[in-house]
Every structure is written in C-alpha cells, then in structure tokens.
Amino acid sequence: MIRMEQRTLGRTGRDVSVVGQGTWQLGGDWGEVRETDAFAVLDAAVESGVTFFDTADVYGDGRSEQLIGRYRKDRPDADILVATKMGRRADQIPENYVLDNFRAWNDRSRTNLGVDTLDLVQLHCPPTSVYSSDAVYDALDTLVAEQRIAAYAVSVETCAEALTAIARPGVASVQIILNPFRLKPLDEVLPRAAEAGVGIIARVPLASGLLSGKYTADTVFAPEDHRTYNRHGEAFDQGETFSGVDYATGVAAAAEFAGLVPEGATPAQTALRWIIQQPGVTSVIPGARSVHQARDNAAAAALPPLPQSTLDAIGELYDRRIRAEVHARW
C-alpha cells in the first residue's frame, strides 16, 4: 500500500490524503457501473494511498453510500474518512432544512454506510439562505451532540456561500469547485479558509473530464450521463457539469492545456497537481470509473510541483479562453 501525503481536514482534526476519491460516478449518474467494478475502483484507490472518500445520499439515490458501506465492512483494515452529503433528495426550499429532516436523512445515510456515527456530513448545495440560518447550525450541532455525526461541513456553488459558511465556528470544511478552468475561489475563499482553520475539498477537479484531454467536439455521452442531460443546467446547477464552461470552449481550452503538461504526466494528473499545490487546499476528489483511472489520479500526489512558468501559462489560458467566455455569456 502506497503512503500518500496527508493534510488535516480543517476542524475535524483528522488527516486525509491530498488526493481523495469522489464517488458520484459509482452511483450511476455517469453511466452504469457494475458493483464488482465499483469495489475494484475503491480498492485501487486505497491501495494507492487514498484515505478519503466523498459521497452523497443522492448519488444513485444511495447506491454510492451503500457500496462504500459494504466495502468498508469487507476492508476493516482500510483507514478511511468518509464524507457524505445531505439535502438534495428533498425539495430545495429553506423550510426543509430543519432538525427533524436532518435526523431522517442522517438515519438513511448511517444505514447505507453501516455506521452509528458518520465521519463528516456536508449540506449539499442548499438554497443560499440556508448558509446564514442560525437554526440550521443549531440543528447540526445537535446531530454532533447526539453522536449521529462527528463533524459537519458544507458543499457550495458560489464563493459568497463559502465565505458565509467559513465564518461559522462549527463548519469543519468547505467543498467547492476548483480546477484550472475555475479559479475564482483562489481570490478570497482559500485564504479566508486557511485563516479560519477550515478545510478545503476541491470538487469537479477535471471539469467533468474536460481536463483529461480525452474529449472532442464530436464526443457523445450516454443519455443517463449528466454531461448530456445537464449541459446547460437543465437538472441542477450548470457549474456541476464542465464547471459551467461552454462545451466547445472547454474542448478547445483543454487541447491547449494538454500542451502544458510536463513530461511523464497526463493532462488529468497535471490538473490535479495544480490543485494540490494551491495554498489552503486539503484534498482534491476526482472520480473514477476504472481501476486505471483511480490509480492514475492517486499518482498525481507524487508528481513534483509544477514550475512557476507552467502556473503562469495556466493562468493566461484561463484569462484568454475561460474568463472571456464566461463573462461574455453572463
């Protein structure tokens, strides 16, 4: 088993690997994944040094949590912190974010994961006003006091939401979209989190696969893949799919990004290495649908830091291709 660099996940006080394992793919929202293949992906991640899994009650309507629960039962020797999320299975109105619902959602996740106490529970991109509600944080504190959860956190869509959550003393970490095509969190969120001792979990690190360099303008995704049905934000926030970047623009930018990749690395590994070395980042959580992907993702942690010339080139590419496109669209 490989030993990977560990960093403290904010106010949880627990260490996690700098590359974690995102498990949205295992729920089925990226196309069908067989159970045996899912277990093989988790095993490959652990053997590669991953000690952090991220899931949610809505991934495959609980399938991802159930797979992780069965995997942990079969591998009691694997020292893994599992973060799940709650809230997206209900109507997205602030009135649903109350203690009784939290308990019910929590009970379901504890059953799925096969534990009495969840390591970390994150509010799953709730309505913006939820981040400012004293009653919501009181309810989360109650879950901790009842030993249903060890710690709580948030997953956000916007930098403003992240900054609101960071100011709350009980919030252990913030999960936010961050990758070479999504740089805004670098300005305020990461520095503020570091000052407050709040962990940062970087999600959508490969811009839904764009930064792998494998896709072209002619690539067709399966109908059940969110990269088909949510390309323009039809089902949920557009930022979750290709980081909110127009697909054609993203493909062109990804081709340029591939030209910046150092020898011995892949475009995906370079994107992950870029995230790892951003000050304030605790862990990055790429997904994987194969053993090969899981191992390659984990290997990014062992790459040497990108030189300043490469960092500057990535920033220039973002300004010229991505920032210009997003500003023009909005």
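A salt bridge is a side-chain nitrogen of Lys or Arg within 4 Å of a carboxyl oxygen of Asp or Glu. I kept that cut-off beside me while reading this predicted model, where local features need pLDDT of at least 70, side-chain atom pairs count only at pLDDT 80 or more, and totals for chains, interfaces and linings use all residues. Residues are numbered from 1 along each chain as its sequence is written, and side-chain values use heavy atoms, with hydrogens and water left out.

**Entry 1: salt bridges**

I looked up the total and found 25 salt bridges in the structure. Side chains of opposite charge can pair when their charged atoms come close.

I started with D61 and R108, whose closest N and O atoms are 3.2 Å apart. This pair links distant parts of the chain, 47 residues apart: D61 is in the loop between β4 and α3 (63-74), and R108 is in helix α4 (residues 99-113). Helices (H or I, at least four residues) and strands (E, at least two) are DSSP runs, numbered from the N terminus.

Next I turned to D54 and K85, a salt bridge with its closest N and O atoms 2.6 Å apart. D54 sits in strand β4 (residues 52-54) and K85 in strand β5 (residues 81-86), 31 residues apart. Both D54 and K85 are buried.

My next pair was E240 and R203, which meet at 2.5 Å, N to O. E240 lies in the loop between α8 (226-229) and α9 (247-258), while R203 belongs to strand β9 (residues 199-203). E240 and R203 are both buried.

**Entry 2: R148**

R148 lies in the loop between α5 (134-145) and β7 (152-155), and it counts as buried because its relative accessibility is 15%. Leaving out residues up to four places away in sequence, I listed what R148 touches (contact means heavy atoms within 4.5 Å), including N106, D116, T117 and L143.

**Entry 3: A268**

I found A268 in helix α10 (residues 267-276). A268 is buried, because its relative accessible area is 11%. Beyond its neighbours within four places in sequence, A268 is in contact with L206, L211 and S212. From A268 to Q278 I noted 10 residues in sequence and 16 Å in space, C-alpha to C-alpha.

Notes
Buried < 20%, exposed > 50% of the residue type's maximum accessible area, 1.4 Å probe, protein only.
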